[in-house]
Amino acid sequence: QVQLVESGGGLVQPGGSLRLSCAASGSTFSVYTMGWYRQAPGNQRELVASITSGSSTNYADSGKGRFTISRDNAKNMMYLQMNSLKPEDTAVYYCNARKAFWITTYWGQGTQVTVSP
């Protein structure tokens, strides 16, 4: 069992930056693939970025060149650095932990990111 808690969301102006954090507890953090997903009102939840236990990363086109995902296994932490934010980045951002083939998966409660003048 894994418990996930997101933090770092808030209100930011277009072009600004924000760093989201995900704290994990309850199991062996290092064996999980981790990811950030987001969901805007009226939309489906979508991948933002993911990172494997070996630190291989994958980004959705929406965040490429602007977002950076990272993890610190010693601290059981995962991060999303978001730069050059746009209004369309506004959403609830969720932390995810999963094993191979999504046989086991866990979600955090989400943190709100709002990009507005």
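I began with Gln39, whose bridge partner in β9 is Val92. This is a predicted model, so I kept its rules in view: local features need pLDDT of at least 70, side-chain atom pairs count only at pLDDT 80 or more, and totals for chains, interfaces and linings use all residues. Residues are numbered from 1 along each chain as its sequence is written, and side-chain values use heavy atoms, with hydrogens and water left out.

**Strand β9**

I traced the partners of β9 next. Strands here are DSSP runs (E, at least two residues), numbered from the N terminus. Two strands pair if DSSP finds at least two bridges between them. Strand β4 (residues 33-39) runs antiparallel to β9, and 7 bridges join them. Strand β11 (residues 111-115) also pairs with β9 in the antiparallel sense, over 3 bridges. There, Ala91 has Val113 in β11 as its bridge partner. With β10 I found antiparallel pairing over 3 bridges. Arg98 stands opposite Thr105 in β10.

How many residues of β9 are buried? I got 7 of its 8. Buried means under 20% relative accessible area, exposed over 50%, and partly exposed in between (1.4 Å probe, protein chains only).

I then looked at the hairpin of β9 and β10, which has 6 residues between the strands. Phe101 takes a positive phi near 60° there. Trp102 sits in the loop between β9 (91-98) and β10 (105-107). Why does Trp102 count as partly exposed? Because its relative accessibility is 39%.

I listed what Trp102 touches, not counting residues up to four places away in sequence: Tyr37 and Asn96. Contact means heavy atoms within 4.5 Å. I also checked Trp102 against Gln1: they are 101 residues apart in sequence and 14 Å apart in space, C-alpha to C-alpha.

**Arg66**

My last stop was Arg66, in the loop between β6 (57-59) and β7 (67-72). Is Arg66 buried or exposed? Arg66 counts as buried because its relative accessibility is 12%.

Leaving aside neighbours within four places in sequence, I found Arg66 in contact with Gln81, Met82, Asn83, Ser84, Leu85, Lys86 and Asp89. I looked at Ser84 again. Its backbone oxygen lies 3.0 Å from a polar atom of the Arg66 side chain.

Notes
Helices (H or I, at least four residues) and strands (E, at least two) are DSSP runs, numbered from the N terminus. A polar contact is a pair of N or O atoms within 3.5 Å; within protein, one must be able to donate a hydrogen and the other to accept it, and residues adjacent in sequence count only if both atoms are side-chain atoms.
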